[in-house]
Amino acid sequence: MRALDLAERRGAQYADVRMVEHRTEGISVKDGVVEGLSSSETQGMGVRVLLDGAWGFASSRDLTNAEVDQITEHAVEIARASQLVSGEKVDLGPAVTSQGTYQTPYEIDPFSVALEDKLTLLMNADAEMGKVQGVRTHRAHVTAQKEHKLFANSEGAYTEQTLLETGGGIQATAVGGTEIQVRSYPNAFARQQVTGGWEELLGWDLPGNAQRVASEAVALLTADPCPSNITTTLILGGSQLALQVHESCGHPTELDRVFGSEAAYAGTSFLTTEKLGNFRYGSAVVNLTADSVRPLGLGTFGWDDEGVPAQSTPLVKDGLFVGYLMSRETAAKLGRTSNACMRASGWNRIPIIRMVNVSLEPGTWNFDNLVADTEDGIYMESNRSWSIDDRRYNFQFGTEIGYEIKHGKMGRLLRNCTYTGITPEFWNSCDAVCNADHWVMWGTPNCGKGQPAQVAHTGHGAAPARFRNVKVGVLK
Amino acid sequence: MIEEKDAHKITDTILKRCQGNPAEINVMTNDSALTRFANNIIHQNVAERDTEVTLRFFIGKQIGTASTNRLDEAGLEELVEHARANAKASPPDPNYPGLPAPQTYNRVASWDDATASYSPEKRARAVEIVCKLAAEKGLNASGAITTGSGELVVANSQGVFTYHTQTNADFQTVVMSNDSSGRAQESAWKVADLDAESLGKQAIDAAMRGHNPVKIDPGEYTVVLEHYVTEDLLGSLNFSGMSAQAVNEGRSWMNDRIGQQLMSPQVSIWDDGLDTSGSPLPFDFEGVPKQRVDIVRQGVVMGPVYDRYTGAKMGKPSTGHAPPINFRGFGPLALNLFMAPGDKSVQDMIASTEKGLYINRFWYTRIVHPRECVMTGMTRDGVFMIENGELTFPVKNLRFTMSYVKALDNVEAVGKEAHLIVGEFGGISSHIPALKVNGFMFTGSTV
């Protein structure tokens, strides 16, 4: 409150302050040796002020009263500098006066689990991978993160949250001749992560999947390459589809990109405002939702970093583009209100528009029936490579593994699988989405955006889906 | 800033609390500010002050790590206890080579008072120049100017204590019309070395010339690549194989090729932490003095960079390339890359090209296959057709899928001017020229 009072005395029309304590624990085992066992703590506060229509932000690790005063004065000084090159007056829309506390639901606090128990689990998983002949390196890891965050603004909001994340995975690498093949579990890059407790990680059964993962990596060395430069039917597994949603739906629906705020860095978006409500983004089976309320999602919380309550809003309904990810300032420009998408990666960063949980809603298909219904195609799963243009049109993804589909059956194993397309053409070619039985909340704890760089943790629910006439195999 | 004397106090306090156990400490301070602009106005303007202390605690060959930014007695006590507990729980690492003894370090100039104290108003004035120039042409400028300072302390229980200060500055801008864009960037450790007006004019010029881009067929083209692209080439080769760990695990483009002619004789790449035309750092995060390491000499693969851990595994001494304690698992890292300039200007390279493409920048590049460092990505912020030695028309952005190893084998000419770019992630600096490359493969185009 000291910072808010001082900012107000200095003439700020609006101010907010976040105090954050963030604790991380990471353990990794590689080839039978503990690669790292680390604990990390960071704390600090950031003050954001709006002064005569211009923003300023300053932050410090030092929480003494003297430093609070100093960074508040510095934020005001920065806002005054912003006024030298400022535009129209900022409208934040309706005041935000949220009050309350939020705690991520969990059964077992991962920080309460003995280090020895975590190491035993990882050593077992790592050793199981090592039993498979031909594996060059193998790695297992777990991570836990706890963030305690206080938010207050000059409009009367005051919220307190404790957000808990648990993550981990295994990865095996096989090397033979000029081939290098990797398999991961449960998610690509061995990084599945959720808001929740240790019970979620136990449910993934890393040791129980270790030999399969390692065997697949070895088998890929001698698998046939993905057919080159053909157009075929593509079925994407859930985790790969989650990243497809992240890159080709999540990012282009960020309204700050649409308004050019990220033009110099992350890029802009093809989903310009005149398309809202009348652009056919995908086929009728494509329904995409932004939410911050679903269990396990890395975008699940009580309030965003502007104090706006967690909520759920459609982005694409029956294929039609109907919504954006918004902040207070950008929503007001469209005559809407924020849907709680302002998130900062820490005390030393401003909140910017970030994905929360952006998910493909389940369809009606059973996976086996979907494969049986596919005469000729390729199934791809687990991301290995991802790239998309600065307006989010042209994408190219590679996956760790693929299988040929012939006459409704999974066939030969395929290595070095890639596919490419143009976002709306791709989503309009989607003719089937699997049902809720196959739907998983995947975590993407490595989304980069903003300057200075911020890494966000986002959630993406997805079940496998089928796409027609997709170009695959760009490698000769 | 904590200054050297207080840094000593922090490391002494920690070492005392370690009670004779071997220990290694990194202290890093960051006092930086960034002014960001878009649509010809400043829309984000931020500053931060932080100090992070990281400790590796050893019980024999059992290793535990902890970090904190709480510098009071209680914070440092907790730091030691967390690291001790982690070490106790951890089985011994048989490969751990021990801590280095005190070394002799070169001092390098990398501090500039004017950069450290650069005010928000001065940053805003630099932005104002570019925004005004863009607005006068009916264009939209966006970008960022960064100024800041940092300290790095590496200490250990063997008596190592070394302290380095550094300032940094960077200006980058993208200028856009409704159908074109241009970009320019420069990094330096002296803010006075940045010329915002000149950078703005370069970006404006590209945006003005880029109207009405034409969609062309993908395929193989000769390309003239600005130094921004070269930075991406080096960065990708760095992450996919310049480290001894990548070589040891068989996943580097160097594997089985050390001593072989893999690239054009015009290509020489090295890492040098002492060269002040880069972003110098005289020692690594283990406290080992940085050595200049030739990675590719006249197209011949010379070898990777080493830290003590991978060096011990492979029977080689450290070259001074250990990353920060929290990133040790990634293996050694080249942080100060250089590519030898040649004797051609960008204009010379264009003039010598009968048909090809001029490309300002690559974007969103990702590895497709590690062995040949096959990458995919998009062109961005300025692509032009070259016909009969002249830029003839702007081209819509293209997707490439290309081995960067092959690209550097296909180098026909190297630019005579080298520029410093400090990357966003990891602070890797590259001092790099433009290139002319034959047979560059484009596999798609965008809308």
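**Strand pairing at the domain boundary**

Modeller: In this predicted model, strand 9 (residues 224-225) of chain A runs parallel to strand 20 (residues 409-415) of chain A, and two bridges join them. Within this pairing, D224(A) faces L414(A) of strand 20 of chain A.

Strand 20 of chain A also has a partner in strand 19 (residues 394-406) of chain A; here the sense is antiparallel, and the pairing extends over four bridges. One of the residue pairs is K406(A) with K409(A), the latter being the bridge partner in strand 20 of chain A. The hairpin that these strands form has two residues between the strands, and H407(A) in that hairpin adopts a positive phi near 50 degrees.

Chain A is split into domain 1, covering 2-222, and domain 2, covering 225-472. The centres of the two domains, taken over C-alpha atoms, are 21 Å apart. Their contact involves 45 residues of domain 1 of chain A and 37 residues of domain 2 of chain A. On the domain 1 side, strand 2 (residues 33-51) of chain A supplies the largest share, namely six residues. Sorted by class, that side of domain 1 of chain A comprises 17 nonpolar, 20 polar and eight charged residues.

Strand 2 of chain A also takes part in the contact between the chains. That contact draws 64 residues from chain A and 75 residues from chain B. Strand 2 of chain A makes the greatest contribution to the chain A side, with twelve residues. The chain A side as a whole contains 26 nonpolar, 30 polar and eight charged residues.

The largest nonpolar core has 210 residues, and V47(A) and V49(A) are the members that touch the most others. Leaving aside residues up to four places away in sequence, V49(A) touches A7(A), A12(A), A15(A), G56(A), A75(A), V76(A) and A79(A).

Chain B has its own domain arrangement. The assignment for chain B lists domain 1 (3-197), domain 2 (209-234 + 341-445) and domain 3 (239-335). Between the centres of domain 1 of chain B and domain 3 of chain B, taken over C-alpha atoms, the separation is 22 Å. In the contact of these two domains, 23 residues of domain 1 of chain B meet 19 residues of domain 3 of chain B. On the domain 1 side, two or more residues each come from strand 1 (23-38), strand 2, strand 3 (62-68), strand 4 (140-156) and strand 5 (161-176) of chain B. Strand 5 of chain B contributes the most to this side, with three residues. By class, the domain 1 side of chain B that touches domain 3 of chain B has eight nonpolar, twelve polar and three charged residues.

How values were computed:
Residues numbered from 1 in each chain as written. Chains lettered and ligands numbered in written order. Predicted model: local features only at pLDDT ≥ 70, side-chain atom pairs only at ≥ 80, totals over all residues. Domains from an automatic or database assignment. Contact = placed C-beta atoms within 7 Å. Nonpolar A, V, L, I, M, F, W, Y, C, P; charged D, E, K, R; others polar. Pairing = 2+ DSSP bridges. Core = buried A, V, L, I, M, F, W, Y, C linked by C-beta atoms within 7 Å. Buried ≥ 20, exposed ≤ 12 C-beta atoms within 10 Å, placed from the backbone.
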